[in-house]
Amino acid sequence: MKATLKGYELRHGVEQAAHKFCSGLGLPPVTINWSNQISTAGISADRVMILSDVRDDAVVSKAMLVRYVGFVLHELAHHKFTDFNVNGGDQYLRSLHNAVEDIWIERQVIDQGLVGNAASVFTDLVNQMVAESIDQVKDWSDPRQYPFILAVHGRRYANKVPTPSELIPIFDKASLAVDKAQNSADTLKIAKWVYDQLQKMPESQTNPKASDTPSKASDGPTSPSKSGGEGEGAGDGDKPSDQADPGPAKRPAKGQDAAQVEPTIEVDRKAKGIGSYDRSAMLVNRDQHMAQKPCIKTDIVVPGRVRYEVKKLFENTGFEQFQIGRKAGSLNINALHTVPMGNERVFKRRQEVEGIDSAAVLVLDISGSMFGNSANDSEIGHAVRVLVALMDTLHKANVSTMILAFGCETSIIKPWDMNPKRAIADLGRIACGGGTNDYFAVRTAHDELLRRPEQRKICFVMTDGDGDFREVKAQVKSGNALGITTVGVGIGSDARVNGIYDNPIQILNIADLGNASFKRIKLAA
């Protein structure tokens, strides 16, 4: 695997891993909501997983991918085994329960052989967290850290953290009890037993309120506090806990809070996602954007200049031909009659020139602002005819095409493999889609192009520009960094495409498309 990945490669890899894990765990497919508003991982009862988003062109480490994949498997294990109705009471007991539950669900996945590489995934995840905790936690005798210490101690495959010697026999016994646990109620009993044992320790002198944020057993892998207590660090986390005694253990004080237990996926500010991207929720069936009967004229004559300009830009320049009149090569039987006249050049040679394959996604704005009293005479009518002209011309230039339509949601009107004639007929039935979620549509178009094998990738967006221009502009920039050219085709005199798209074209009707200068479009080769 490469040392670094692009953001879109990380997302695709995580999504593939999630589907593979679901299959191994016997769960229905999970949907993933990539959000720039969170730094945690979580899963809902209806299998919607929320993960921290990364922008398409972000450069991320292999370790980051390992962390994401580990969280995905851990959350799915919770979904399969955890009873979310079992509640441990106050925050400290819930944190202990979360630690025991984390140990139990991971053992279930490994021991039952549900996912072949589960042990490796969980080992990489917890050891990343252990390494971070060694740098972050200053006082391992602080009772706030005990749930995290327990969560590490019970994972027999984990590197250890400094552990007060009095805790070792307690946590050893709890770890053995986890082997016999059958459900979340059993893990809660183990957590309560641990809590009772901790109450027999000398009273803690630390501040009992380390965190006011409650946590749930379903939040994810138990994590250490980033602040910890006062004092020096306690040594190497790779050493066994009994070789790195940080001092005597102390009893959790009344009202004591444990270290924060929510998992975090720290995404660098420059790598952070632009907006929320939930492909599974916002990409809908094409029928939702289709009327029963055609209302827009699509049988148009494509301007000759459009064909000429687009063909020059997109035509696959590869060709294969024979060069004749050679002194060596394959015999050219059509020249044999010239041999008696002394012609020695009766051979031919095959010449091949490899071209650049192209793929284009055409994005159509079907928001309410595109529709007037008459569909044919409004912006949507002009946009559809422009789209038809482009698609027809691109198809004849051997360019692979897809069509997306967007309002509040986005649909695929023409998949890559659909016959263009059928797609043109369907465009006559296009219907209003409500709002203007152009960011999601442009990002989906880029996502589709990034999955394609073609070298040249371009996205045409036909819109009046009344959308989330800041997010779209940032996504266009991200696409540029990955070799995707995004062209804004402004429909109407008031269309806002300048300053948003690097390659804007302003048109009022199909005739204007014929006069537009396509030469300004810089295509990645």
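A cavity is a set of grid points where a 1.4 Å probe fits but cannot get out, and its lining residues have an atom within 4 Å of a point. In this predicted model, the largest cavity is lined by Asp-438, Thr-463, Gly-465, Val-472, Arg-496, Ile-500 and Tyr-501. By class, that lining has three nonpolar, two polar and two charged residues. The largest cavity holds about 30 Å³ of space. How many cavities of 30 Å³ or more are there? The count comes to one.

Strand β14 covers residues 484–491. It runs parallel to β15, and five bridges join the two. Within this pairing, Ile-491 stands opposite Ile-507 in β15.

**The three-stranded sheet**

There is also an open sheet of three strands, again with mixed pairing. Its order is β2-β4-β3. Why is one side of β2 and of β3 left without a neighbour in the sheet? β2 (31–35) and β3 (42–43) stand at the edges and each has a single partner strand, so one side of each has no neighbour there.

The strand β4, residues 48–52, pairs with β3 in the antiparallel sense over two bridges. With β2, strand β4 runs parallel, joined by five bridges. The table lists residues that stand opposite each other in these pairings.

| Residue | Opposite residue in β4 |
|---|---|
| Ser-35 | Ser-52 |
| Gly-42 | Ile-50 |
| Ile-43 | Met-49 |

β3 and β4 also form a hairpin, with four residues between them. In the turn, Arg-47 has a positive phi of about 65°.

In a regular strand the side chains alternate between the two faces of the sheet. Keep that in mind when viewing the strands.

Which helices lie across these strands? Helix α1 lies across β2 and β4, running at about 150° to β2. Helix α2, residues 62–81, lies across β2, β3 and β4. It runs at about 155° to β4.

**Salt bridges**

Side chains of opposite charge can pair when their charged atoms come close. The structure holds 19 salt bridges. One of them joins Arg-451 to Glu-15. How far apart are the closest N and O atoms of this pair? They are 3.8 Å apart. That is a salt bridge because the cut-off is 4 Å, from a side-chain nitrogen of Lys or Arg to a carboxyl oxygen of Asp or Glu.

The pair links distant parts of the chain, 436 residues apart. Arg-451 sits in the loop between α12 (438–450) and β13. Glu-15 lies in helix α1, residues 7–25.

Notes
Residues numbered from 1 in each chain as written. Predicted model: local features only at pLDDT ≥ 70, side-chain atom pairs only at ≥ 80, totals over all residues. Heavy atoms only, no water. Pairing = 2+ DSSP bridges. 1 Å grid on protein atoms, 1.4 Å probe; cavity = no way out; pocket = protein on both sides within 12 Å on 5 of 7 lines; lining within 4 Å. Points joined across faces, edges and corners; volume = space filled by probe spheres on them. Nonpolar A, V, L, I, M, F, W, Y, C, P; charged D, E, K, R; others polar. Contact = heavy atoms within 4.5 Å. Axes fitted to C-alpha atoms, helices over the stretch in contact; angles between N-to-C directions.
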